[in-house]
Amino acid sequence: SSSSRHPNQVTPKKSGLKNGQMKSKDDECFGDDIDEIPDTDFDFEGNLALFDKAAVFEEIETYERRSGTRSRGTPNEKPARYRHDENILESEPIVYRRIVVPQNANKEFCTDSGLVVPSVSYELHKKLLSVAEKHGLTLERRLEMTGVCASQMALSLLGGPNRLNPKNVHQRPTVALLCGPHVKGAQGISCGRHLSNHDVHVILFLPNFVKMLESITNELNLFSKTQGQQVSSVRDLPDTPVDLVINCLDCHENAFLRDQPWYKAVVEWANQNRAPVLSIDPPINEMEQGIDAKWSLALGLPLPLGERAGRVYLCDIGIPQKVFQEVGINYHSPFGCKFVIPLHST
């Protein structure tokens with residue numbers, strides 16, 4: 001410290017008029033003898049004690065009462081305290097309603113971003129699909145969109161890229177696809193074709209019928225070109241638990257199918273297999289569902305599904321906005337950049 005406080009005497013000094021002028025200027029600015037600086041510390045506590053803080057704040061409050069103003073941070077103003085789960089910005093959460101249905105919804109859902117998605121009756125949903133088909137969204141197009149969306153959701157449930165990649169050939173997942181002889185079953189067959197194309201082992205159950213719907217026949221022809229396996233007897237289904245069961249047995253019509261022996265047998269197999277179940281477009285009435293689902297996929301707009309449907313997801317099947325308007329639904333897409341989104345019960 002002494003070397004920094006006093007100049008080094010052995011350092012040669014430059015002589016000359018210019019250096020002399022600079023030295024005189026330095027002396028004017030820094031020429032005070034630092035030895036004369038007092039070596040005692042400043043008494044902060046003593047000087048702070050001389051400040052009467054209470055008197056000063058009392059004077060400020062008196063001025064504010066007279067002038068009718070109040071400043072921030074006054075000592076008598078208690079700061080608001082909030083719990084960790086309280087919203088300090090809004091008194092109530094904002095509700096986004098961009099979808100309005102003509103009748104009061106029996107049940108409402110919301111997306112992750114807080115957008116309310118009301119449910120619709122089966123009659124209105126059926127009318128929506130009929131109008132969309134009249135404008136060119138044919139059944140074949142709808143089946144393809146449903147199959148793609150359902151297979152994407154199923155692939156995510158099976159592990160996504162962590163399990164389904166070309167280097168992991170030893171953990172090929174197995175999916176049991178249970179389909180009935182109706183349009184809902186055709187949706188499941190379309191999903192099974194896409195899953196098989198993504199190297200998933202698909203076992204398709206479809207009962208034997210003398211006459212099949214044209215949509216089922218077309219989907220079966222495409223499915224037969226994959227590596228998927230088709231069975232018509234419950235005895236041919238796996239004895240060991242599979243990775244996922246996709247349920248497309250139930251439909252909104254043809255309630256008599258639930259009394260058929262093959263239906264009861266396959267429902268019993270699914271309940272005993274202990275595999276998680278994904279239902280595609282399940283019916284509203286919970287009594288019509290023989291198999292409890294962990295997840296359910298709704299199409300376009302959800303139906304008022306109950307607890308047995310599990311967690312509800314919604315998929316975009318390509319219905320244009322003006323088609324919604326034609327059936328009396330004020331519609332703005334809730335999907336954003338996705339085709340399948342989760343819904344939460346409100």
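1. The model is a predicted one, and its protein chain contains 10 helices and 11 strands. Of the 346 residues in that chain, 40% are buried.

2. Turning to contacts and surface, among the contacts in the protein chain with a separation of 6 or more, 67% are between residues 24 or more positions apart.

3. How many salt bridges does a search of the whole structure find? The search finds 8. As background, side chains of opposite charge can pair when their charged atoms come close. Three of these pairs are taken up in the points below.

4. Glu 108 and Arg 97 form a salt bridge in which the closest N and O atoms are 2.8 Å apart. Because Glu 108 belongs to strand S1 (residues 108–110), while Arg 97 sits in the loop between helix H4 (53–67) and S1, the pair ties together parts that are 11 residues apart in sequence. Glu 108 has a relative accessibility of 24% and therefore counts as partly exposed.

5. A salt bridge also links Arg 193 with Glu 144, and here the closest N and O atoms are 2.8 Å apart. Arg 193 lies in helix H7 (residues 183–197) and Glu 144 in helix H6 (residues 139–157), so that this pair ties together parts 49 residues apart in sequence. Are the two partners buried or partly exposed? Arg 193 is buried, its relative accessible area being 9%, whereas Glu 144, with a relative accessible area of 30%, is partly exposed.

6. In the salt bridge between the side chains of Asp 292 and Arg 308, the N to O distance is 2.4 Å. Both partners are in loops: Asp 292 is in the loop between strand S7 (277–280) and strand S8 (295–299), and Arg 308 is in the loop between S8 and strand S9 (311–315), so the pair ties together parts that are 16 residues apart in sequence. Asp 292 is partly exposed, with a relative accessible area of 45%, and Arg 308 likewise counts as partly exposed, at 27% relative accessibility.

Notes:
Residues numbered from 1 in each chain as written. Predicted model: local features only at pLDDT ≥ 70, side-chain atom pairs only at ≥ 80, totals over all residues. Heavy atoms only, no water. Helix = DSSP H or I, 4+ residues; strand = E, 2+ residues; numbered from the N terminus. Buried < 20%, exposed > 50% of the residue type's maximum accessible area, 1.4 Å probe, protein only. Contact = heavy atoms within 4.5 Å. Salt bridge = Lys/Arg side-chain N within 4 Å of Asp/Glu carboxyl O.
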